Amino acid sequence: MTFVKIPIPTEEHCEVLFSHQWLRNEPEEVVLALQRACCRIHFQAGEILFREGDKMRYCPLVEQGELQAFRHTYQGDDKVFGQFARGEWVALAAVFMEHGRFPMNIRALSAGQAMLIPRETLHQFCLQRPTLALQLLGNLSQKLYATINQIDWLTSSSAGERLADYLLRLHRTQQDSQPNAQVRLPLNRGQLATQLGIRPETLSRLMAEWQRQGYITCRASYITLCNLDYLRALAAQAQRPF
C-alpha cells in the first residue's frame, strides 16, 4: 500500500509518545527529538499497511484504532499472530533484525492513526540512551518467554483447555470495556481455530457443547462466560508461577 505520511506539527506533544511507559521518565527534549523524526499515517479498516517482506523503514506506534499482524497459510487462510492497540509498537523485534523487513502483514482492523518512527532513529536512540535500550530488551525478552510458554501449552493441552485459556485471557484484557463476564472475539471462528491449533469443526462442536452445558452463551462476536470456575479449572495448567 502507498500511504500518505503526514508531518507532525512541531508544537504538538503527541500524548501516546510522551505518556509511554518507556519514555515518561526521559527528559522532554529527548522525547521531542524523537517526535521530530516521526511522521503520522491515517488508516481505514481492512487496509494492508505493510506486507510480509516489505522493507522496514519505520516502526509504527498505534495512536488510535487497532492493527493486526498475520500471515497466509498454505491453505489461503489468515493466521493471526498479534493485535496492537493504542500505545503499542508494531513489529518492534523486526527493528533489530538484520534483514530489516516486516516479518508479517500488518492490517488495520479499524479506522485510526499511527506514528511512524524511523528504524534508524530507534537504533540511534538505543545507542545514546542505555535505559531505553534496556526497556526494549526487557520487552522483547518477555515476549520471547511468552512465546516459549505458548508453544509448550499448545503442544501439551487439549482443545478445551486452549479455548478456556484464550477466553480467560480476553476477559482479563477486556474487563474494563465489556460488562460482566462478556468478551468480544477479535478474530473470526476460522482465525481463532488456526491460532489455537485445532480444526474449525472441532471449535464449533466445542462451543456448541459449552453452550448446551451453560458454560458460555454466544451472540455474534460476543461470548458471555457463564461459568468462570469451570473455565479456570480447565486453563489452570496454562498459568505459570513467574
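Helix 8 (residues 228-235) contains both D229 and R232, which are three residues apart, about one turn of the helix. Helices are DSSP runs of H or I with at least four residues, strands are runs of E with at least two, and both are numbered from the N terminus. D229 and R232 form a salt bridge whose closest N and O atoms are 4.0 Å apart; the term denotes a side-chain nitrogen of Lys or Arg within 4 Å of a carboxyl oxygen of Asp or Glu. The model is predicted: local features need pLDDT of at least 70, side-chain atom pairs count only at pLDDT 80 or more, and totals for chains, interfaces and linings use all residues. Residues are numbered from 1 along each chain as its sequence is written, and side-chain values use heavy atoms, with hydrogens and water left out.

**Salt bridges within helices**

- D229 counts as exposed because its relative accessibility is 59%, whereas R232 is partly exposed at 44%. Buried means under 20% relative accessible area, exposed over 50%, and partly exposed in between, with a 1.4 Å probe and protein chains only.
- In helix 7 (residues 200-213), E209 and R212 also lie three residues apart, about one turn of the helix.
- The closest N and O atoms of the salt bridge between E209 and R212 are 2.8 Å apart.
- E209 is partly exposed, with a relative accessibility of 32%, while R212 is exposed at 61%.

- The structure holds 10 salt bridges, and one of them pairs E12 with R40, the closest N and O atoms being 2.9 Å apart.
- This pair links distant parts of the chain, 28 residues apart: E12 is in the loop between strand 1 (6-7) and helix 1 (15-18), and R40 is in strand 2 (residues 39-43).
- R40 is buried, as its relative accessible area is 10%; E12 counts as partly exposed at 25% relative accessibility.
- In general, side chains of opposite charge can pair when their charged atoms come close.

- A91 is not a glycine, yet its phi is positive, at about 60°.
- The position of A91 is in the loop between strand 6 (78-84) and strand 7 (105-108), and the residue is buried, with a relative accessible area of 18%.
- A220, likewise a residue other than glycine, has a positive phi near 55°.
- The loop between strand 10 (216-219) and strand 11 (222-225) holds A220, which is exposed with a relative accessible area of 72%.

**Surface charge**

- K5, K55, R57 and R101 form a positive surface patch.
- Patches are made of residues with over 30% relative accessible area and no salt bridge; like charges are joined within 9 Å, and nonpolar side chains (Val, Leu, Ile, Met, Phe, Trp, Tyr) within 5 Å.
- Lys and Arg count as positive and Asp and Glu as negative, while His and the chain ends are not counted.
- K55 belongs to the loop between strand 3 (48-50) and strand 4 (58-64) and counts as partly exposed, at 43% relative accessibility.

**I148 in helix 4**

- Helix 4 (residues 130-154) includes I148, which counts as partly exposed at 48% relative accessibility.
- I148 and L49 are 99 residues apart along the chain, and their C-alpha atoms are separated by 28 Å.

Terms used: Accessible areas come from the Shrake-Rupley method with a 1.4 Å probe; for residues, only the protein chains shown count as cover. The place of a charge is taken as NZ of Lys, CZ of Arg, CG of Asp or CD of Glu.
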